[in-house]
Amino acid sequence: MNRPNPFQSPLAAHIERFLSHHRALGKRFDTEESALRLLDRFVHECDVNTIAQITPRLLEAFLQSRPRSRARSHNHLLNTVQRLFRWLVAQGVMASSPAHTLAPRRTAQHTAPFLFEPAQVERLLVRAASLRDGPFATHRGRTYRMIFALMYGLGLRVGEVSRLRRRDLDLERQYLHISQTKFGKSRLTPFGPRMACALRSYLQQHQRHRRLSADDPLFSLAEDGRRPLGSKSISRTFRNLLPELGLRVPAGVAPPRLHCLRHSFAVSTLLRWYRAGVDPGGHLLYLSVFLGHVNPASTAVYLTITAELLKQANQRFERFAAPVLEETRP
């Protein structure tokens, strides 16, 4: 594998330490490194010789040289630059940040994510199972059905699914080993007997025609089964299936995307806890670990409030408050 070119500008050593600092905290920081490489090259090409020559005007020119059609992409680039210079101020390298006056672009008003109901997921799996093979893609139907079932049933990210190897699946003890995912973490994700049965059937069907090793990908459309199915291909197939599902998107809700399967898993888990009389607040940490989050605050982003959740929460409060209300009645 080719090593990336070294940083060349006066920021070079500081960027290296900045990246090392965050990676020591368990962050991957790959996209941030790519953004800082663009900044480093721009500063170098502008013949900047010292950090003191880096001004707000120079950074504004850098941002304008990297046009982003989406406000979110522009703001991510800006945020990465601002984080670098805030870190340099904290390290005593600079007295003040030349990036603090740069304003982010306004983004569209926040909309709630689309949440799949069980019947809608079932339609998705049926349509996925009906996908036909292509000239260079075998077992498409079985493969995509299993992928979407895992993403909804276990709340997996698309990148986690695409990176799974056969050695990561333990059918005897019923868990998946999710390795080196977001924030550089690894975790064990258990599953139940129904998912185990589906995975076992999937493997048996694929092993009839292929001799595969533990290092081969769990999901592949290649004839030899040794080329992993990429996350972009999975996302594209999901988008192509959406028009066939007849989904109605409520007002104020974003159009469905693949990551909504993970959102749906988190919300349905919370709903099951309410219905079973389990205290969701006391178990949020379990859900956070299961999803591979750094802390429960990250998990809370997934817990969209729905009418059914409000109903269950109200019923739980009424049961809790019933003794107090009884005592206050005349």
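Q: Is Tyr-286 buried or exposed?
A: Before answering, keep in mind that this is a predicted model. The cut-off needed here is that a residue counts as exposed when its relative accessible area is over 50%. Tyr-286 has 54% relative accessibility, and therefore it counts as exposed. Tyr-286 belongs to helix α11, which covers residues 280-291.

Q: What should I expect of nonpolar side chains in general, and which residues touch the most other members of the largest nonpolar core here?
A: In soluble globular proteins, nonpolar side chains tend to be buried together. In this model the largest nonpolar core has 43 residues, and the ones that touch the most other members are Phe-148 and Leu-150. Two or more residues of this core come from each of the elements α5 (118-129), α6 (140-154), β2 (175-178), α8 (193-207), α9 and α10 (260-276). The element that gives the most is α6, with 9 residues. Apart from this core there is another one, of 30 residues, which includes Ala-12, Leu-19, Ala-35 and Val-81.

Q: Which residues is Phe-148 in contact with, if its neighbours within four places in sequence are left aside?
A: Phe-148 is in contact with Leu-124, Leu-125 and Ala-128, with Ile-234, Phe-238 and Leu-241, and also with Leu-258 and Leu-261.

Q: What can I say about Ser-235, and which residues does Ser-235 touch?
A: Ser-235 sits in helix α9, which runs over residues 231-241. The cut-off for a buried residue is a relative accessible area under 20%. Ser-235 has a relative accessible area of 19%, so it counts as buried. If residues up to four places away in sequence are not counted, Ser-235 touches Val-158 and Leu-258, and Leu-258 is also among the contacts of Phe-148.

Q: How many residues apart along the chain are His-263 and Leu-156, and what separates their C-alpha atoms?
A: His-263 and Leu-156 are 107 residues apart along the chain, while their C-alpha atoms are separated by 9.9 Å. His-263 is part of helix α10, and with a relative accessible area of 9% it is buried.

Q: How should I read a salt bridge, and how many salt bridges does the count come to?
A: Side chains of opposite charge can pair when their charged atoms come close. The count for this model comes to 10 salt bridges. One of them joins Arg-127 and Glu-244, whose closest N and O atoms are 2.2 Å apart. This pair links distant parts of the chain, since Arg-127 is in helix α5 and Glu-244 is in the loop between α9 and α10, 117 residues apart. Both ends are partly exposed, with a relative accessible area of 30% for Arg-127 and 42% for Glu-244.

Q: Are Glu-160 and Arg-187, which also form a salt bridge, buried or exposed?
A: The closest N and O atoms of Glu-160 and Arg-187 are 3.0 Å apart. Glu-160 is in helix α7 (residues 158-162) and Arg-187 is in strand β3 (residues 187-190), so their pairing ties together parts that are 27 residues apart in sequence. Both Glu-160 and Arg-187 are buried.

Q: Which residues are linked in a network of salt bridges?
A: The network is made of Arg-23, Arg-28, Asp-30, Glu-33 and Arg-37.

How values were computed
Residues numbered from 1 in each chain as written. Predicted model: local features only at pLDDT ≥ 70, side-chain atom pairs only at ≥ 80, totals over all residues. Heavy atoms only, no water. Helix = DSSP H or I, 4+ residues; strand = E, 2+ residues; numbered from the N terminus. Buried < 20%, exposed > 50% of the residue type's maximum accessible area, 1.4 Å probe, protein only. Contact = heavy atoms within 4.5 Å. Core = buried A, V, L, I, M, F, W, Y, C linked by side-chain atoms within 4.5 Å. Salt bridge = Lys/Arg side-chain N within 4 Å of Asp/Glu carboxyl O.
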